[in-house]
Amino acid sequence: MRKIKAMISVSVAVSLPFVFLTACKGGGAGARYEYEIQAEYFSEEGRLDGDMKVTVPNNTEGVINEIPFALYGNAFREGADPEPVSELFSSACYYDGVSYGGMEIKEVTGGKSWSVDESGNVLTVSLNKPLYPDESVTLSVQYSLTLAKANHRLGVGEHCVNLSYFYPMLFAEKEGGFYQYTPAQYGEPFVLSCADFKVTLTVPQDTKVACGGKIEQASNGGKTVYRYKAENVRDAAFVLGDFSLASAELDGVQIDYYYFADEAPDQTLKAACDALTTYSGLFGDYAYSRYALAETDLFLSGMEYSGFTALSSLLRKEERAAVVAHETAHQWWYASVGSNQAECAWQDEGLAEYSVALFYEKCPEYGNYRDVVTTSESAYRNYYSVASQLSKEVDTKMSRPLSDYSGDYEYRILSYDKGVVLFDRLRETIGNRRFFSALKDYAEKYAGRVAAEADLIGCFSSQEQLILSFTEGRCVI
């Protein structure tokens with residue numbers, strides 16, 4: 001993709017494109033999970049009731065007797081440990097005082113038995129019979145989700161409703177079981193496989209829905225019914241609100257920006273177009289037929305989903321392009337190439353943040369490439385200087401569970417900033433040709449899969465020791 005084929009248009013009425021979303025291409029990923037969800041959102045109660053049918057294949061070489069689901073909605077229940085937001089960001093998240101929510105599992109069919117663990121974070125379904133390789137099983141789950149009043153990725157915000165991880169989520173499978181993790185206060189504590197989604201979402205009459213994928217709408221009994229369909233994606237997420245729409249077409253890709261407060265939506269849309277063009281040239285073609293962005297209530301600056309990005313309405317004008325560039329990079333480093341975000345957050349966050357530097361290098365009107373690198377270097381050195389004064393031994397390992405970080409600050413420094421420095425050192429060491437060849441190889445080889453840390457290292461095969469010196473905390477910056 002190298003040019004915008006149509007002029008950017010801005011309209012106040014939301015017109016929904018009939019575009020099909022396919023992604024996560026690549027062989028060897030096995031059969032996909034299949035979700036069919038019927039859900040209705042009740043605005044007065046801040047509640048969503050759902051009925052989900054999911055087909056689960058066994059792509060491993062072992063036998064599966066139990067299937068676990070993540071219940072992210074319960075991260076917001078009263079007494080959750082850890083709380084979904086650290087004290088540092090609590091006031092930004094909870095605009096009307098601390099609020100609680102939760103996910104209640106009402107019924108599960110298709111298995112022998114089911115239970116929710118004591119923490120409330122995991123639903124486990126015991127199967128009627130062993131699930132052997134290349135076989136599949138279909139389960140149904142009825143649930144009710146109460147949303148906290150929170151400017152979070154799941155919650156009733158001040159202007160919008162954010163619905164991400166709003167359904168019981170299948171953990172990605174691996175040999176010997178599943179990548180099973182519980183919520184954390186920062187990062188994305190889930191490892192997700194690619195799946196096919198069909199979602200019917202019923203909302204109040206005048207509510208508009210922003211999302212990726214193919215979306216159709218119809219009126220029914222004083223309500224609006226949205227039908228969403230997407231194949232080969234890692235998630236389904238929606239933002240409910242009252243939006244205007246800015247649209248463009250970029251080499252056959254439909255780009256839609258839903259906004260309500262952005263004073264320069266055409267500039268935000270252009271940044272998304274330029275980021276897609278840049279990354280397609282550097283990493284390989286954008287895998288989707290549509291890319292959507294939505295302005296919403298987030299204490300976070302942004303949040304990535306397959307073919308869809310949520311942007312905080314609190315962003316300053318001068319911040320927006322960098323956040324758009326970072327979240328758009330996640331369409332390669334998350335949506336297409338998955339990784340273990342719960343233990344190796346640097347693998348997608350560090351690479352996405354370094355992609356911002358590459359975006360500036362190609363599009364200098366947005367910022368300076370070297371500024372991103374030097375800012376990250378300075379941030380890391382300042383962190384290390386303070387930490388070394390407080391402790392004789394400073395743990396700077398990048399490959400660690402989210403629960404091992406001392407807080408948001410350390411997570412940011414080691415996953416984002418140190419990641420930027422790592423990829424910049426790699427580029428300096430092996431040169432542009434080999435560096436970008438390795439990234440393209442990584443993007444192509446592991447599209448549709450969950451790439452291990454070793455898989456990324458393997459694409460830079462001659463630089464294993466350099467990478468490990470960073471990830472194991474042995475290097476001096």
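Select α4 and α5: the two helices pack with their axes 7 Å apart, at an angle of about 150°. Angles over 145 degrees count as roughly antiparallel, so α4 is roughly antiparallel to α5. Keep in mind throughout that this is a predicted model.

Now show the side chains where these helices touch. From α4, pick E353, Y354, A357, L358, Y360 and E361; they meet Y369, V372 and V373 of α5. By class, this contact has 7 nonpolar and 2 charged residues, and no polar ones. While looking at the helices, recall that residues three or four places apart point the same way, because an α-helix has 3.6 residues a turn.

Next, go to the largest pocket, which has a volume of about 1,000 Å³. Which residues lie nearest its centre? Select L300, S301, G302, R412 and Y416 to see them; the whole lining has 42 residues. The elements that give two or more residues to this lining are β22 (302–305), α3 (317–329), α4 (346–362), α5 (369–390) and α6 (408–445). Colouring the lining by class gives 20 nonpolar, 11 polar and 11 charged residues.

Move on to helix α8, residues 464–471. Is this helix mostly covered or mostly open? It is mostly covered, with 6 of its 8 residues buried. Select L466, I467, L468, S469, F470 and T471, the buried residues of α8. They pack against α4, α6 and α7 (453–459). Just after α8, stop at G473, where phi is positive, about 75°.

The last stops are in loops. Most residues other than glycine have a negative phi, and most peptide bonds are trans. The following places depart from that pattern.

- Select D81 and P82: the peptide bond from D81 to P82 is cis, with omega near 5°. P82 sits in the loop between β4 (64–70) and α1 (90–93).
- Select D134, which is not a glycine but has a positive phi of about 70°. D134 belongs to the loop between β7 (122–131) and β8 (136–146). With 75% relative accessibility, D134 counts as exposed.
- Select Y334, which is not a glycine either and has a positive phi of about 160°. This residue lies in the loop between α3 and β24 (338–339). Is Y334 buried or exposed? Its relative accessible area is 4%, so Y334 is buried.

Notes: Residues are numbered from 1 along each chain as its sequence is written. This is a predicted model: local features need pLDDT of at least 70, side-chain atom pairs count only at pLDDT 80 or more; totals for chains, interfaces and linings use all residues. Side-chain values use heavy atoms; hydrogens and water are left out. On a 1 Å grid over the protein atoms alone, a cavity is a set of points where a 1.4 Å probe fits but cannot get out, and a pocket is an open set with protein on both sides within 12 Å along at least five of seven lines; lining residues have an atom within 4 Å of a point. Grid points are joined across faces, edges and corners, and a volume is the space filled by probe spheres set on the points. Helices (H or I, at least four residues) and strands (E, at least two) are DSSP runs, numbered from the N terminus. Ala, Val, Leu, Ile, Met, Phe, Trp, Tyr, Cys and Pro count as nonpolar, Asp, Glu, Lys and Arg as charged, and the others, Gly among them, as polar. Axes are lines fitted to C-alpha atoms, for helices over the stretch in contact, and angles run from 0 to 180 degrees between N-to-C directions. Angles under 35 degrees count as roughly parallel, over 145 as roughly antiparallel, 65 to 115 as roughly perpendicular and the rest as oblique. Contact means heavy atoms within 4.5 Å. Buried means under 20% relative accessible area, exposed over 50%, partly exposed in between (1.4 Å probe, protein chains only).
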